[in-house]
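Dear colleague,

Please find the structure below, followed by a short account of what was found in it.

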Amino acid sequence: MPPSSSHFDDAGNARMVDITDKAITVRTAVAEVSVRMQPETLQQVRERSLKKGDVLAVARLAAISGSKLTSTLIPLCHAIPIEAVAVDFQFEDSATLVCRSTVKTTARTGVEMEALTACSVAALTVYDMCKSIDRGIEIDGLKLLHKSGGKSGDFDRDMREESR
C-alpha cells in the first residue's frame, strides 16, 4: 500500500487519502498573499472610495466563504469543519496590499489549503472590484506561513528561512 500521504493508489489512480485513523486535533494554518496595484488604486481601496463599495469588506467575506468551499474547488481535499477564519489586510507600501488569513479547526487533517484558498479568493476579489480602474493588478507571493496540529508537527516559514 502506498504511503498515507499519497494521492495515488498502487495502479496510479488518483484517490482521496484515508484519514480515518488520524487523531482529531486542533489545527491552525496561516497564509498570506500580496496584491500590487497602482498607488492611486490602493489609495481608493484604503479610503473606501471605489464606486463598487468597500473592497476590503467584500474581500474579507469572500475569503471566509472561499475557505469553507475549498473541498469543492480542490478535488482531493477533504471537506472539514471550519471553526474559525480571520482575514486581515495590511497596506505594505503605497502600491501593495497584503492579505493574511488564519483558519482553525478541530479535525483529522489540516487547514493549510483552506488558508491558502482564503487568501487566493480575497486577492481575486480585490482584483475583480478594482479591475475597472487598474487592469495591471498583480497577485503574488501566495504562501503558507504557519501550520500547527497533527502528526507532522508544526511548520513556521520564518524559522525555516532563518535556518538557510
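The count comes to five salt bridges, a salt bridge being a side-chain nitrogen of Lys or Arg within 4 Å of a carboxyl oxygen of Asp or Glu. This is a predicted model, in which local features need pLDDT of at least 70 and side-chain atom pairs count only at pLDDT 80 or more, while totals for chains, interfaces and linings use all residues. Residues are numbered from 1 along each chain as its sequence is written, and side-chain values use heavy atoms, with hydrogens and water left out.

One of the salt bridges joins Glu-32 and Lys-143, at 3.8 Å from N to O. Because Glu-32 lies in strand S1 and Lys-143 in strand S4 (residues 138-148), this pair ties together parts 111 residues apart in sequence. Strands here are DSSP runs (E, at least two residues) and helices likewise (H or I, at least four), numbered from the N terminus. Glu-32 is buried at 12% relative accessible area, whereas Lys-143 is partly exposed at 26%; buried means under 20%, exposed over 50%, and partly exposed in between (1.4 Å probe, protein chains only).

Arg-36 forms a salt bridge with Asp-140, their closest N and O atoms being 2.5 Å apart. This pair also links distant parts of the chain, with Arg-36 in strand S1 and Asp-140 in strand S4, 104 residues apart.

A further salt bridge, between Asp-54 and Arg-48, is 2.8 Å from N to O. Salt bridges that share partners join Glu-32, Arg-100 and Lys-143 into one network.

Yours sincerely
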